[in-house]
Amino acid sequence: MNGELSGGTIGTLSEETKAALPAGTKVKTKPMSFSTADVVLAFGMLLIGFFYWNLINIDSLGFGVTLFAAILCTAVIGYFSSAGLHQTKGSMVFLGILILSAANFVLFDGILVKSLNFLFLSGCFVYWVCSFAGTRLENKISIYILSDMAHQLFVTPFCNFTGCFSGVKQIFTNNKKGKSVLSGVIGILFFLPVLILVVSLLIDADAAFESLMDQLQFTVTENMIELLRDIILGLPVACYLYGLIYGNRYGRYAGNRTIESVDDKVRVFRVVPDVAGYSALTALSLVYAVFFLAQTAYLFSAFNDSLPHSMTYAEYARRGFFELCAVSGINLGVIAAAHFVVKRDKIRLLKIETAVLCVFTIALIATAMSKMAMYIDYYGLTLLRVYTSWFMILLLFVFIIILIRQFRSFNGTRIAAVGCICLFMLLCYGNVDGMIAKYNIDRYQAGTLENLDVRAFSELSDGAVPYLYELYTETTEPVMKAQLKKVISTPRYSHYTADDSFRDFNLQSYKANELRLKIQ
């Protein structure tokens, strides 16, 4: 067989068959073949690729994202069901997370959180597909989720990238007339941009030709150009999605991995001698110990609600943030690198070093969180303060899991994944902008916040408008009333108005626009 197993399809061999193959034997990938469902999916993905650009407005990320996600998930469920694949409990959980994530776009405003959610939604969809198809390394969340995601994001879709065109081509290549039709369609598609450009230039150049085109009712509008753009840009999206879905359906470049093969690949990178690795970790831990001892009075003054001399609350808190991000990022990177490249001859020592770094990081996070609490108590909430607080809580959660994992054996990856997803959904559905406005206004009215920075509310999304409108109707201060009217009347993030497309719609902006009409 010359080192190859002819006719074998990657991912379709049983584990027993793979184990029985001689060492070094390569499994040859079987050429693509397409059933009726595969061809229908290919045409469907071309349409969905168009919808990706036509429905999703990156400036607003509104209802169009929710609608696109619903169409795509429905197509996957229909295709996999036709192949006899059924949802497992695990894939149903991820489908539920997908629905929760997608629904956020039609309910809330706030472009930063929705941008992060869009990335989360995309990654969650990819993992749901492989969970549905049963091509994960393990039928549970574990550390191998990293390998699954890397493989599903880059290997499976691109190795099957041409499948969409091949599936479409098959329906035309069964006879000579079909080949001619396919060639003609391809020629028109490639020539259409040039045709439109030439006709537009000729219309501008000659009045007689313009009159002729008017009689033929041929006009090149902005909508036509956008439509053509969406069709062309949708082609690579269609190929990527088809490659992912088709590859998982047949296990083509999706199911050929095993836990042992992944472990073997990771083991190749463990080239750093244990003495060198542990010496470096010990030196880093000593540096942090000296740092904490030298900065004890400065770092822990937040717990006593006191400031170091010659520092304002803003300076004190901001400096703590930078320390947190830098130290936590370095420590997390060092821990990951140590477990990835250091040899495992003395695994207990590696666990001790990891635990020490976790303790130092947790101490610094706790200190920074106390600084933040003091800062918020004096100045109120802003978007930056909420996001950094959320990030600190996320880091604290992760480092606590890493610390406990050094002493007890449990599936820390699953707990970390579930916790991070819950914290992210809390951020998405917590109406951060509205809660910031409500918190600051309530404290100002209660007399516990000295000043209310109305202009800072202009940084918030339309989720804050109901609370600003309530203050606008209650306040008797002319200056504040004028400032509030200006802030309320100016849409910030969402571009949705009554004249805009359904793609941009979200419920918070819709309600905010209704309130704006009342103060005009």
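Reader: How many salt bridges does the count come to?

Author: This is a predicted model, in which local features need pLDDT of at least 70, side-chain atom pairs count only at pLDDT 80 or more, and totals for chains, interfaces and linings use all residues. Residues are numbered from 1 along each chain as its sequence is written, and side-chain values use heavy atoms, with hydrogens and water left out. With a salt bridge taken as a side-chain nitrogen of Lys or Arg within 4 Å of a carboxyl oxygen of Asp or Glu, the count comes to six.

Reader: With which residue does Arg-516 form a salt bridge?

Author: Arg-516 is buried, with a relative accessible area of 5%, where buried means under 20%, exposed over 50% and partly exposed in between, for a 1.4 Å probe and protein chains only. The closest N and O atoms of the pair are 2.4 Å apart, and the partner is Asp-462.

Reader: Against which helices do the buried residues of α21 pack?

Author: The buried residues of α21 are Gln-508, Ser-509, Ala-512, Asn-513, Leu-515 and Arg-516. Counting contact as heavy atoms within 4.5 Å, these buried residues pack against α4 (89-107), α19 (465-474) and α20 (478-489).

Note on methods: Helix = DSSP H or I, 4+ residues; strand = E, 2+ residues; numbered from the N terminus.
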